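Open the structure in a viewer and keep the sequence panel beside it. The stops below are given in the order in which to select them.

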Amino acid sequence: MKTKILMVCLGNICRSPLAEGILQSKLDSSKFSVSSSGTSNYHIGNKPDLRSIEVAKKNGIDITSQKAAQFKSSDFNTYDYIYAMDNSNYQNIINIASNNKDKNKVQLILNELYPNENLDVPDPYYGGDKGFEDVFQMLDKACDIITSKLNSTN
């Protein structure tokens, strides 16, 4: 059975699609499944932001087939690991959790790089292209650590 990982941001068009694509590119698809969603319903069914698509493409990752989805309580039953991009979305996810088992699945993604610092991946939506590149680099480093951890336990 595959280990399932979910990346979550607000709208599921900037950060979490990048995190999904990056982690997917690093893991064996026969052992792992990576998806993404947003805590809001603003962009359900939409493709990722063009700037996310472009920065991913520049780094050899194709995220054009992704479609935005909304995080739902049943995701706790589906996924083994849930990574929030920031504290606000982390709290939104925790608020939906029905028990400690659910809550224990949720982590802030940058805590992989900076343990217990509870840092946010900045939302690049209102920034320029540099913001998307910076976010890609942060997520890439965090996903290297996640990949190493997952490969050592599976």
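Helices and strands here are DSSP runs, a helix having at least four residues and a strand at least two, numbered from the N terminus. By that naming, strand E4 covers 106–108, and the loop between E4 and H6 holds Asp123. The model is predicted.

**Stop 1: the largest nonpolar core**

Select Ile5, Met7, Leu18, Leu23, Met85, Ile109 and Leu139. These touch the most other members of the largest nonpolar core, which has 31 residues. Then colour strand E1 (3–9), helix H1 (15–26), strand E2 (32–38), helix H2 (50–58) and helix H6 (129–153), each of which supplies at least two residues of this core. Which of them gives the most? H6 does, with eight residues. In soluble globular proteins, nonpolar side chains tend to be buried together.

**Stop 2: Met85 and Ile109**

Show the side chain of Met85. Leaving out residues up to four places away in sequence, Met85 touches Met7, Val8, Cys9, Arg15, Ser16, Ala19, Ile109, Asp120, Val121 and Leu139. Apart from this core lies another, of 12 residues, with Ile82, Ala84, Ile93 and Ala97 among them.

Move to Ile109, in the loop between E4 and H6. Is Ile109 buried or exposed? Its relative accessible area is 0%, so Ile109 is buried. Setting aside neighbours within four places in sequence, the contacts of Ile109 are Met7, Ala19, Tyr83, Ala84, Met85, Val121, Leu139, Ala142 and Ile146. For a distance to check in the viewer, take the C-alpha atoms of Ile109 and Met7: they are 8.5 Å apart in space, with the two residues 102 apart in sequence.

**Stop 3: helix H2 and what follows**

Select Ser52, Ile53, Val55 and Ala56, the buried residues of H2. They pack against H1 and H6. At the N-terminal end of H2, look for the cap: a side-chain oxygen of Asp49 lies 2.7 Å from the backbone nitrogen of Arg51. Just after H2 comes Gly60, with a positive phi of about 80°.

Continue to Asp62, in the loop between H2 and helix H3 (75–78). Asp62 counts as exposed because its relative accessibility is 60%, and the cut-off for exposed is over 50%. The side chains of Asp62 and Thr64 are joined by a polar contact of 2.6 Å. From Asp62 to Lys105, 43 residues apart along the chain, the C-alpha separation is 27 Å.

**Stop 4: the largest pocket**

Select Cys9, Leu10, Gly11, Asn12, Ile13, Cys14, Arg15, Tyr42, His43, Asp123, Tyr125 and Tyr126. Together they line the largest pocket. The volume of this pocket is about 160 Å³. How does the lining divide by residue type? Seven of its residues are nonpolar, three are polar and two are charged.

**Stop 5: Asp123, in the lining**

Stay with Asp123, which is one of the lining residues. With 41% relative accessibility, Asp123 counts as partly exposed. Not counting residues up to four places away in sequence, Asp123 touches Cys14 and Arg15. A polar atom of the Asp123 side chain lies 3.0 Å from the backbone nitrogen of Tyr125. Asp123 and Leu10 are 113 residues apart in sequence, and their C-alpha atoms are 8.8 Å apart in space.

**Stop 6**

Select Asn12, another residue of the pocket lining. Asn12 lies in the loop between E1 and H1 and has a positive phi of about 60°, although it is not a glycine. At 2% relative accessibility, Asn12 counts as buried.

Now select Asn116, in the loop between E4 and H6. Asn116 has a positive phi of about 60° and is not a glycine. Is Asn116 buried or exposed? Its relative accessible area is 72%, so Asn116 is exposed.

Finish at Asn89, in helix H4 (residues 87–96). Why does Asn89 count as buried? Because its relative accessibility is 2%, and buried means under 20%. Beyond its neighbours within four places in sequence, Asn89 is in contact with Cys9, Leu10, Arg15, Thr39 and Ala84. Of these, Cys9, Leu10 and Arg15 also line the largest pocket.

Key:
Residues are numbered from 1 along each chain as its sequence is written. This is a predicted model: local features need pLDDT of at least 70, side-chain atom pairs count only at pLDDT 80 or more; totals for chains, interfaces and linings use all residues. Side-chain values use heavy atoms; hydrogens and water are left out. A nonpolar core is a set of buried Ala, Val, Leu, Ile, Met, Phe, Trp, Tyr and Cys residues joined through side-chain atoms within 4.5 Å. Buried means under 20% relative accessible area, exposed over 50%, partly exposed in between (1.4 Å probe, protein chains only). Contact means heavy atoms within 4.5 Å. On a 1 Å grid over the protein atoms alone, a cavity is a set of points where a 1.4 Å probe fits but cannot get out, and a pocket is an open set with protein on both sides within 12 Å along at least five of seven lines; lining residues have an atom within 4 Å of a point. Grid points are joined across faces, edges and corners, and a volume is the space filled by probe spheres set on the points. Ala, Val, Leu, Ile, Met, Phe, Trp, Tyr, Cys and Pro count as nonpolar, Asp, Glu, Lys and Arg as charged, and the others, Gly among them, as polar. A polar contact is a pair of N or O atoms within 3.5 Å; within protein, one must be able to donate a hydrogen and the other to accept it, and residues adjacent in sequence count only if both atoms are side-chain atoms.
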